[in-house]
Amino acid sequence: MTAAAIRPVRPSLLRRLRTDYFSTPLDALVSLACIAAIVAIALPLLRWAVINANFSGTTRADCTAGGACWVFIKARFGQFMYGFYPPAERWRVDLAALLLIGTVALSFWRGLPRRALTVPALWAVLLVVDAWLLAGGFGLPRVETRQWGGLMLTVFLSVYAGVLAVPLGILLALGRQSELPVIRLVATIFIEFWRGVPIITVIFLASLLLPLVMPAGWDIDRLVRALVGLAFVIAAYMAEAVRGGLQAMPKGQGEAAAASGLGYWQTTGLIVLPQALRISMPAMTNEFIALVKNTSLVSIVSIFDLLGIAQASLADPNWVGMNMEAYAFSGAVYWLICFGLSRWSRHLETSRKTTH
Amino acid sequence: MTRYFYDKRVREIFWQVALLAGLAAAIVLIVRNASQNMLNAGMATGFDFLWRTSGINVPFVLTSYSPDSNILALLWVGVTNTLVITLFSVIAATLLGFVIGIARLSANKLLSGLAGAFIEFVRNVPLLFFVLFWYFGVIAALPGPRQSISLFSVAFLNNRGLIVPVATDGWAFRIAALIVVLALVAQLVIAVWAKRRRDATGAIFPVWATGLALLVAVPIIAFSIAAALSAWDVPALRGFNYRGGFVLVPEFVALFAALTTYTAGFIAEIVRGGIQSVVKGQWEAAYALGLRPNRALNLVVIPQAMRVMIPPLTSQYLNVLKNSSFGAAIAFPELVSVFVGSALTNTGQAIEIIAITLAIYLVIGLAVSGFMNWYNAKTKLVTR
């Protein structure tokens, strides 16, 4: 028997097209409508973004081809990435971002010794070192937070709020599952309060009322106010994600740990949480994606994250009518970040099923 | 002494008292600081400001508000606008979301791919992006009033918003609305009665048929008759702008479009998940018991899909309520924009105004999630 004879019969392309897309009249109609829709959307988009687009030049006058004026993005690129951070100091942002990437990579490296202790310690060190790099002081020139902006603000605001929210969220989730009525009540009220109000009002609350409740003479940085507000809200959402994991745990795990003589914190820390957090990871990643998207709301209190700086750049009289370019660029960056994260969360979900 | 330390009950009480004491200390500290700071800054307190004349001009009003009204009336304008935009967006997003969610499950790969592309696009971009995009990118780029886009020659879309016809006299619509409410009550009574009778005798009453008649046909007929009986004020071009009709301001149109498309992406995923959650074995088991396909769908599949879908759907609806506050970014006069924005700037009473705003969102939210918890408890699977 020759090799050709045992190869499975593969239907021809034409035949597959017919069975997959044109099997019934209705199916054919649907397929044709879809093709029409794709052509109607993709062709003008392609013409605008690529074929008739302008890529070279330095001013608005260089954009003559009628399509997108990517020259604008090129001219503004530094601002979209770093805001008004002094160009001579931007290496600090890059270094802080590299350290962040390194920490993320180390957190997911299984060879790290005593991961349960070293990972939180790594993040704590990272938060301190990056805050020093970004803000300055102790030997570095100071950079005021109002000079921060663009993508770096989006990224670091999300990371700081997210990292602060995780331990708080875990405590809240444990509190809500607690057998002690007072602790359960306090945790539940805290969670439901922050989940029940719009994030915009929380940002207003933080930026208007936080200075009011501080002792006289204390001044809190604008960015820190927004950060505290975001961290509280996201902690409440993280708490619900962790609670999902706690509730998904079979009761026997905690009971067996208690039966072998472990106390509450030992049972929780050694037996319940490690398993529950692994179950909660996809949900927590989804909350982090929501956080990345919601950091855009800080532009309400004139802190210019990526979307805020894109919106603000539209007011430049030298670059009138660049709305579509600014939105397309900022939207694409957000999409890449959030889509990457959501793919990762889905990967976590599927890989969890196979590791046991 | 150590005897008490190792007593579980004593330790539990200790921790709870410690938490309460810590909270009380924090609250005392916050109140003391705040009152001291407000005294220093000479800020007014109390809720008297609610009865002051507002003097604020609001571009989109559905109540009897005017700038001569008091601030309480302004608050009510914000609440109505928030509820109206939420209601419209929830209905439109549900319809769009169900269509896209079902399309996502289509056997036709082109259709399911298109639906998937839409879902992945809207879910991974901030809502604020869509709000700004629709407002500054789409609505602002529409032609002026003289080149309006005509929708069936009764409504007109241009860069000043969507101008729709409006009934000059509302009595026919009020009667129609009353009839719809009565039909809803009747359907609920029938549903409860039919379930009781089925549990008692096993006889099945076609609740779906009466539901279709009472909840779909009756409203359509009632509102059609009301529309035919009413006198209409249809917008018409006079000189450079439209006269007559009701103007849905650009902010409303942009916020509605943004909320609808964004939420539809999330609802589509819920619908897909709900339908997929009912395993094939459930259909097969229902057939094996001798149920016909529509009975299997109504009695076995839909109740299980709904149990999966209703809780996330409710939280999406609550998200729309909360997300309507994104209107503040484009100055659509919803609750946050008119109250935390305009009223706060005019009166300076930040604590009272933010507290009222948060309380309103919390009350609406708690009412909805209270209903959701009741529904969850009623329909959840019974386990250990």
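A residue counts as buried if 20 or more other C-beta atoms lie within 10 Å of its own. In this predicted model, buried residues make up 34% of the 356 residues in chain A.

Chain A holds 14 helices and zero strands. Its C-alpha trace spans about 70 × 70 × 40 Å along the principal axes. The radius of gyration of chain A is 26 Å, while a compact globule of 356 residues would have one near 21 Å. Take the contacts in chain A between residues at least 6 apart in sequence: 64% of them join residues at least 24 apart.

Now one residue. Val71(A) sits in helix α4 of chain A, residues 70-82. Is Val71(A) buried or exposed? Val71(A) is buried, because it has 22 C-beta neighbours inside 10 Å. Leaving aside residues up to four places away in sequence, Val71(A) touches Asn54(A), Gly57(A), Thr58(A), Asp62(A) and Cys63(A). Between the C-alpha atoms of Val71(A) and Gly308(A) there are 20 Å. These two are 237 residues apart along the chain.

Helix α3 (residues 71-104) and helix α4 (residues 109-123) of chain B pack at about 130°, with axes 7 Å apart. That angle makes α3(B) oblique to α4(B). The crossing of α3(B) past α4(B) is left-handed. The table lists who makes the contact.

| Helix | Residues in the contact |
|---|---|
| α3(B) | Ile100(B), Ala103(B), Arg104(B) |
| α4(B) | Leu111(B), Ser112(B), Ala115(B), Gly116(B), Phe118(B), Ile119(B) |

Of the residues in the contact of α3(B) with α4(B), six are nonpolar, two polar and one charged.

Definitions and conventions:
Residues are numbered from 1 along each chain as its sequence is written. Chains are lettered from A and ligands numbered from 1 in the order in which they are written. This is a predicted model: local features need pLDDT of at least 70, side-chain atom pairs count only at pLDDT 80 or more; totals for chains, interfaces and linings use all residues. Helices (H or I, at least four residues) and strands (E, at least two) are DSSP runs, numbered from the N terminus. A residue is buried if 20 or more other C-beta atoms lie within 10 Å of its own, exposed if 12 or fewer, and partly exposed in between; C-beta atoms are placed from the backbone. Two residues are in contact if their C-beta atoms, placed from the backbone, lie within 7 Å. Axes are lines fitted to C-alpha atoms, for helices over the stretch in contact, and angles run from 0 to 180 degrees between N-to-C directions. Angles under 35 degrees count as roughly parallel, over 145 as roughly antiparallel, 65 to 115 as roughly perpendicular and the rest as oblique. A crossing is left-handed if the near helix is turned anticlockwise from the far one by less than a right angle, and right-handed if clockwise. Ala, Val, Leu, Ile, Met, Phe, Trp, Tyr, Cys and Pro count as nonpolar, Asp, Glu, Lys and Arg as charged, and the others, Gly among them, as polar. The radius of gyration is taken over C-alpha atoms; the globule rule is 2.2 Å times the number of residues to the power 0.38.
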